Amino acid sequence: MTTTEQIVAEEGAETDLSQDMSYGDYLHLDALLAAQHPLSPTHDELLFIIQHQTSELWMKLLLHELHAAIVRIGADDLAPAFKMLTRVTRIMEHLVGAWTVLTTMTPPEFTAMRDYLAKSSGFQSAQYRCIEFALGNKNAAMLKPHRHRPDVLAHVETVYRAPSIYDEALRLLARRGLAVPDSHIDRDWTRPYEANDAVEAAWLVVYRDPETHWDLYQLGEKLTDIEDAFRLWRFRHVTTVERVIGFKRGTGGTGGVTYLRRMLDVVLFPELWRLRTDL
């Protein structure tokens, strides 16, 4: 028996799993690892597929945490919401770093497989759209790419019609007696959010006296953390796309880099950024 074999034996490691659930069984690894089906003969397509599949898995967890946090905020239960929002930020930070792997794909390598993508594009990600909607970036046009899948459309539309996390935060401020206008606590949740001076004034009350409004102050900073990370995620996306395809049009029909750059200008929680100038 070798030294390493002896260590395994002495530690009592389970090696006969014929009658028990194994690691692979629990994680359904057979299905997961069989879900990569390159269409081109190029070596690099597997990287492209796994990059996007793993991002979708992280987005699934992000939405799980984000939706739970929205429910908690709506119930005035902020302590667990803060933990969930911290996790959302950490997931976004991980997704920012993940782009560095895709940057190892050079323009000729992507060009060799691009035609095999047809019209498929990350622009069509239902989960990413749900993230944007849950963060308040509502846009009815973004429902259209999902019309061919009624089940997916129904799910995305549910998030589209629900209050965003910022909407719930403002409703919480109002419940705490802060002067949030009715126009921002009872409105058509499908409409894009519009900044409001009175909302900024309400947040300023919190930020000028954080000890009195400590949990609301923490909520404001958790939301700022999320938007900070989200901006970095979007920026890293646009720079990766420019590095790999330049200014070619995207496979999904958008202008590619030009479209992504325009999305960088979207501000999710405007009053939380504006108030810093007025403090």
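Visitor: Which residues does Ile-165 touch, leaving out those up to four places away in sequence?

Guide: In this predicted model, Ile-165 touches Leu-66, Ile-70, Ile-73, Leu-85, Ala-134, Leu-135, Leu-223 and Phe-269. Ile-165 is also among the residues with the most contacts inside the largest nonpolar core, as are Met-92, Leu-135, Tyr-166, Trp-203 and Trp-233. That core has 70 residues, and α5 gives the most to it, with 12 residues.

Visitor: What makes α4 roughly antiparallel to α5?

Guide: Helix α4 (residues 45-74) and helix α5 (residues 78-102) pack at an angle of about 165°. Angles over 145 degrees count as roughly antiparallel, so α4 is roughly antiparallel to α5. Their axes are 8 Å apart, and α4 passes α5 in a left-handed crossing. The residues of this contact divide into 23 nonpolar, 4 polar and 3 charged.

Visitor: Why is α5 called roughly parallel to α11?

Guide: The axes of α5 and helix α11 (residues 214-245) cross at roughly 15°. The cut-off for roughly parallel is under 35 degrees, and therefore α5 is roughly parallel to α11. These axes come within 9 Å. The crossing of α5 with α11 is left-handed. By class, the contact has 17 nonpolar, 6 polar and 4 charged residues.

Visitor: How do you know that Arg-234 is buried?

Guide: Arg-234, which lies in helix α11, has a relative accessible area of 7%. Buried means under 20%, so Arg-234 counts as buried. Not counting residues up to four places away in sequence, Arg-234 touches Tyr-128, Glu-132, Met-263, Leu-264 and Val-266.

Visitor: Where is Lys-138 found, and why does Lys-138 count as buried?

Guide: Lys-138 is in the loop between α7 (126-134) and α8 (150-161). Its relative accessibility is 3%; the limit for buried is under 20%, so Lys-138 counts as buried.

Visitor: What is Lys-138 in contact with, leaving aside neighbours within four places in sequence?

Guide: Lys-138 is in contact with Phe-133, Val-159, Tyr-160, Ala-162, Ser-164, Trp-189, Thr-190, Arg-191 and Pro-192.

Technical notes: Residues are numbered from 1 along each chain as its sequence is written. This is a predicted model: local features need pLDDT of at least 70, side-chain atom pairs count only at pLDDT 80 or more; totals for chains, interfaces and linings use all residues. Side-chain values use heavy atoms; hydrogens and water are left out. Axes are lines fitted to C-alpha atoms, for helices over the stretch in contact, and angles run from 0 to 180 degrees between N-to-C directions. Helices (H or I, at least four residues) and strands (E, at least two) are DSSP runs, numbered from the N terminus. Angles under 35 degrees count as roughly parallel, over 145 as roughly antiparallel, 65 to 115 as roughly perpendicular and the rest as oblique. A crossing is left-handed if the near helix is turned anticlockwise from the far one by less than a right angle, and right-handed if clockwise. Ala, Val, Leu, Ile, Met, Phe, Trp, Tyr, Cys and Pro count as nonpolar, Asp, Glu, Lys and Arg as charged, and the others, Gly among them, as polar. A nonpolar core is a set of buried Ala, Val, Leu, Ile, Met, Phe, Trp, Tyr and Cys residues joined through side-chain atoms within 4.5 Å. Buried means under 20% relative accessible area, exposed over 50%, partly exposed in between (1.4 Å probe, protein chains only). Contact means heavy atoms within 4.5 Å.
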